[in-house]
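Okay, thanks for coming, everyone. Let me put the structure up, and then I'll walk through a few spots in it.

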Amino acid sequence: MTRRSRKTHSLLSIFTLLIGLSVFEYVEQGRVVWPSKLYYAARDIYGQMQAPAAEAGMAGWVSKVADGDTFTLNAVGQAPRAVRLYGIDAPERDQAYGELATTALVAWIDGREVRVAVEDVDIYGRLVGTVFVNDSNINLAMVEQGHAWWYEQYARDAVELELAEQQARAARRGLWASGTAVEPWEWRRR
């Protein structure tokens with residue numbers, strides 16, 4: 001009989017521990033969910049590692065607008081990066097007012113030089129930030145004109161966006177004109 005190496009023995013111990021954890025979780029909850037939790041945690045950590053600290057601010061030109069809150073940024077000497085506008089959520093393209101929100105963002109930034117104040121990198125690897133054309137805050141403009149919601153869940157302290165949404169609602173601008181607007185996060189659940 002051959003002797004197992006320490007590495008093999010360690011791997012077998014870990015494997016046995018994982019099987020025991022799975023059995024325990026299945027008996028207690030009727031399902032095994034720890035692998036997916038581990039996967040999402042690892043994906044988040046990997047995404048954070050891919051965003052160097054130097055990306056606190058980026059500038060470049062917009063080559064494509066995907067929808068009312070996402071576009072592609074081309075910065076000199078770097079690969080194109082997807083950017084998600086921080087603190088807002090625009091209607092999906094297939095949702096009522098989705099195409100109009102996309103058209104509004106296209107009018108403001110498509111093909112233009114922009115500056116992005118990066119707040120985060122999301123789980124999809126997109127930069128999340130506030131977008132500026134010259135000194136104009138595009139995130140704020142989208143909400144002020146009624147093209148997007150203040151995304152409270154991810155920007156609780158964004159008082160300026162909260163106020164802009166309240167004013168757009170009161171003035172019945174953009175998507176607030178109909179009075180039947182459905183939040184994109186609710187739309188996506190359908």
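One definition before we start: when I say exposed, I mean a residue with over 50% relative accessible area, while buried means under 20%, and partly exposed is whatever falls in between. Also, keep in mind that this is a predicted model.

So, take Asn134. Its relative accessibility is 64%, which is why Asn134 counts as exposed. Asn134 sits in the loop between S6 and S7. Now the backbone: phi of Asn134 is near 55°, a positive value in a residue other than glycine. Why bring that up? Because most residues other than glycine have a negative phi.

Let's stay with that hairpin for a moment. S6 and S7 have 2 residues between them. The two strands run antiparallel, with 2 bridges joining S6 to S7, and S7 covers residues 136–137. If you want to find the pairing on screen, look for Val133, whose bridge partner in S7 is Ser136.

Now S6 itself, residues 127–133. How many of its residues are buried? The count is 7 of 7, so to speak a mostly covered strand.

Who else pairs with S6? Strand S5, residues 113–121, is joined to S6 by 6 bridges, and these two run antiparallel. Here you can pick out Asp120, which stands opposite Val128 in S6. The hairpin of S5 and S6 has 5 residues between the strands, and in it Gly125 takes a positive phi near 85°. Then there's S3, residues 81–85, which runs parallel to S6, with 3 bridges joining the two. On that side, Val83 has Leu127 as its bridge partner in S6.

Okay, moving on to the aromatics. Searching the whole structure turns up 4 aromatic pairs. Let me start with Trp149 and Trp185: the ring centres are 6.3 Å apart and the planes are at 70°, so we call that pair edge-to-face. Trp149 lies in strand S8 and Trp185 in helix H6, so this pair ties together parts that are 36 residues apart in sequence.

Next, Tyr151 and Tyr154. Their ring centres are 4.9 Å apart and the planes are at 75°, so this pair is edge-to-face. Tyr151 counts as buried at 10% relative accessibility, while Tyr154 is exposed, at 53%. Put together, the ring pairs link Trp149, Tyr151, Tyr154, Trp176 and Trp185 into a cluster.

Last stop, around helix H5. Gln166 is in that helix, which spans residues 159–171, and with 44% relative accessibility Gln166 counts as partly exposed. The C-alpha atoms of Gln166 and Trp150 are separated by 9.3 Å, and the two residues are 16 apart along the chain.

And then there's Arg172, in the loop between H5 and helix H6. What is the phi of Arg172? The answer is near 55°, again a positive value in a residue other than glycine. Arg172 is partly exposed, at 48% relative accessibility.

Technical notes: Residues are numbered from 1 along each chain as its sequence is written. This is a predicted model: local features need pLDDT of at least 70, side-chain atom pairs count only at pLDDT 80 or more; totals for chains, interfaces and linings use all residues. Side-chain values use heavy atoms; hydrogens and water are left out. Helices (H or I, at least four residues) and strands (E, at least two) are DSSP runs, numbered from the N terminus. Buried means under 20% relative accessible area, exposed over 50%, partly exposed in between (1.4 Å probe, protein chains only). Two strands pair if DSSP finds at least two bridges between them. Rings of Phe, Tyr and Trp (its six-membered ring) pair if their centres lie within 6.5 Å; planes under 30 degrees apart count as stacked, over 60 as edge-to-face and the rest as tilted.
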